[in-house]
Amino acid sequence: MAVGVLALQGSFNEHIAALRKLGVKGVEIRKPEQLQSVVALIIPGGESTTMAKLAEYHNLFPALREFVKIGKPVWGTCAGLIFLANKATGQKTGGQELIGGLDCMVHRNFFGSQLQSFEAELLIPKIAAKEGGPPSFRGVFIRAPGILEVGPEVEVLADIPTPSNKTVHSGPSVESQEENGGSENKVIVAVKQGNLLATAFHPELTADTRWHSYFLKMISDVSEDTSSSTVSQSTEDLHFSEPPIYDLPIYQQQ
Amino acid sequence: MAGSGVVTVYGNGAITETSKKSPFSVKVGLAQMLRGGVIMDVVNAEQARIAEEAGACAVMALERVPADIRAQGGVARMSDPQLIKDIKQAVTIPVMAKARIGHFVEAQILEAIGIDYVDESEVLTPADDENHINKHNFRIPFVCGCRNLGEALRRIREGAAMIRTKGEAGTGNIIEAVRHVRSVMGDIRLLRNMDDDEVFTFAKKIQAPYDLVMQTKQLGRLPVVHFAAGGVATPADAALMMQLGCDGVFVGSGVFKSGDPARRARAIVQAVTHYSDPEVLVDVSCGLGEAMVGINLNDEKVERYANRSE
């Protein structure tokens, strides 16, 4: 069993490293035909406009839409969330192509530029119920999108408070906004609809692999429905003879 | 460590002091999102739009590209903030801008504009020939240039969240960038095979902090994102940098000093994604028009920007 990771640009190495920790092989996907060898796909974080351009150059969109349509599990983080959304605002002049499938409206760079990037503890009751561990998750938001509206079939997995007077380019840092409390506005940052999973933050940048393992369980569920093959979290696909792939450390505060 | 890939932020020292406002993980995080991408120098909003359309993952806003700085001479400084604001308005991708080495007020101004990354760059005339900016004091992340491992780790210790090779900007000549990438990668390979007892002396030799040297040894790579820069002019140059082990590429004068910028920009973006696929490289390299004029670095009279800082 192999999980594809769209490797056009962005944090695909980080996703592959997280999958490796769970004993699953991640395969880099750059061309449409490579999609046929994988049971599920992760669309990583990165610049969504860049990834859309590269997907367009190599005619990946039809194959990606087909992949979503036939019900194979797909998980988008950050830029991947934008890809999966049916509608996106805050795009570049002229817009960008999306895969669609997830019934929601996404705002690109919802939180603003890099100075407004932040980390926050998110409450994730549904993930914790299935995967165990602490009730919260350290979400890393990098120029992150936010989900403004969701359709009736979309299940909300996490949200985060946001001030009602949100101004993108000025205003206080998000941390101080959180301290203000009081504000009732919340923005959705993680959703699931059928076999689609999407997060506005980056679980691949943290050491907590519960989101990855949650996604792998979604794959098992699908495989059990359709065929007898299950997600083997065995080591059969791990090539220890291959040269090791060195990756960046995961930074965390003490 | 032991395979989990998790490290704590270096000790309890300088880096964590400012963590309340912008943790190092968030600074490195944006650089990680830029991996596998191309960052292009642009001098106005129109060029920024061309770069975005071509698929650049970020743009570097400046008044003159390095080739013009070289040709015109004089003191090169931070760009007019208005120009940077205009470029920021024009695109949705991250915007970077350059500050002079050691000029922390220029960095403060850039932070106040609200751009996404500051490049403390040797391409601009240095403001301080001994000290770099103390980058821990900023919420905005920094990228810095290096020629070798010691220089890279010194910059990281000062707070840089991303490293690029210096190369030789504005020359269209890849030789220096190759030299610098090979030097960094070669030293890391050497370090990996080294006995732990020898690392102390090695750290002294390359004039880098011991803890970072040790961490690099354990990781087998620089502990932050590592881009190539300085002399990239063709898709093949970009793919060469990627195959040598860089995480992405900066293209300065190479795009907008060439015959057909939009097309060349697009080709370099594709070359970085498909860097190990020669067939794609053939496709994207065909009919790009004239490349930028190169400068032969055997000429003694050519000023070496890379030697402007240690």
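Mentor: A residue counts as buried when its relative accessible area is under 20%, and as exposed when that area is over 50%. With that cut-off, Ile142(A) is buried, because its relative accessible area is 2%. Please keep in mind throughout that this is a predicted model.

Ile142(A) belongs to a group that comes from a record: an unreviewed UniProt entry gives the annotation "binding site" to Gly46(A), Glu47(A), Ser48(A), Arg108(A), Ile142(A) and Arg143(A). These residues are spread over 98 residues of sequence, yet they cluster in space, with a largest C-alpha distance of 12.6 Å.

Within chain A, Ile142(A) sits in the loop that runs between strand E8 (136–141) and strand E9 (146–150). Setting aside residues up to four places away in sequence, Ile142(A) touches Cys78(A), Gln114(A), Ser117(A), His202(A) and Leu205(A) of its own chain, and Val26(B), Gly29(B), Leu30(B) and Met33(B) of chain B.

Gly46(A), another residue of the annotated group, is found in the loop between strand E3 (40–43) and helix H2 (48–57) of chain A. Gly46(A) has a relative accessible area of 8% and is therefore buried. Leaving out residues up to four places away in sequence, Gly46(A) is in contact with Gln9(A), Gly10(A), Met51(A), Ala79(A) and Met33(B).

Chain B contains 14 helices and 9 strands. Its radius of gyration is 18 Å, close to the 19 Å that the globule rule gives for 310 residues, so chain B is as compact as a globular protein of that length. The C-alpha trace of chain B spans about 55 × 45 × 40 Å along its principal axes. Of its 310 residues, 63% count as buried. Among the contacts in chain B between residues at least 6 apart in sequence, 67% join residues at least 24 apart. Chain B exposes about 11400 Å², and carbon and sulfur atoms supply 47% of that area. The mean positions of its 35 positive and 39 negative charges are 2 Å apart.

UniProt, again in an unreviewed entry, lists residues 24–229 of chain B as "domain: PdxS/SNZ N-terminal". Over this stretch the chain is 45% helix and 16% strand, and the end C-alpha atoms are 23 Å apart.

One residue of chain B to examine is Lys135(B), in the loop between strand E5 (117–121) and strand E6 (142–146). Lys135(B) is buried, as its relative accessible area is 0%. Not counting residues up to four places away in sequence, its contacts include Glu120(B), Glu158(B), Lys27(B) and Arg155(B). Lys135(B) and Arg164(B) are 29 residues apart in sequence, and their C-alpha atoms are 16 Å apart in space.

Finally, consider helix H11 (residues 235–243) of chain B, whose buried residues are Pro235(B), Asp237(B), Ala238(B), Ala239(B), Met241(B) and Met242(B). Their cover includes helix H8 (175–192), strand E8 (225–228), strand E9 (248–251), helix H13 (261–273) and helix H14 (278–285) of chain B. Just after H11(B), Gly245(B) adopts a positive phi of about 115°.

Note on methods: Residues numbered from 1 in each chain as written. Chains lettered and ligands numbered in written order. Predicted model: local features only at pLDDT ≥ 70, side-chain atom pairs only at ≥ 80, totals over all residues. Heavy atoms only, no water. Helix = DSSP H or I, 4+ residues; strand = E, 2+ residues; numbered from the N terminus. Rg over C-alpha atoms; globule rule 2.2 N^0.38 Å. Buried < 20%, exposed > 50% of the residue type's maximum accessible area, 1.4 Å probe, protein only. Contact = heavy atoms within 4.5 Å. Areas by Shrake-Rupley, 256 points an atom, 1.4 Å probe, with all protein chains shown as cover. Lys, Arg positive; Asp, Glu negative; His and termini not counted. Charge placed at Lys NZ, Arg CZ, Asp CG, Glu CD. UniProt positions renumbered as here; feature names shortened; annotations may be inferred.
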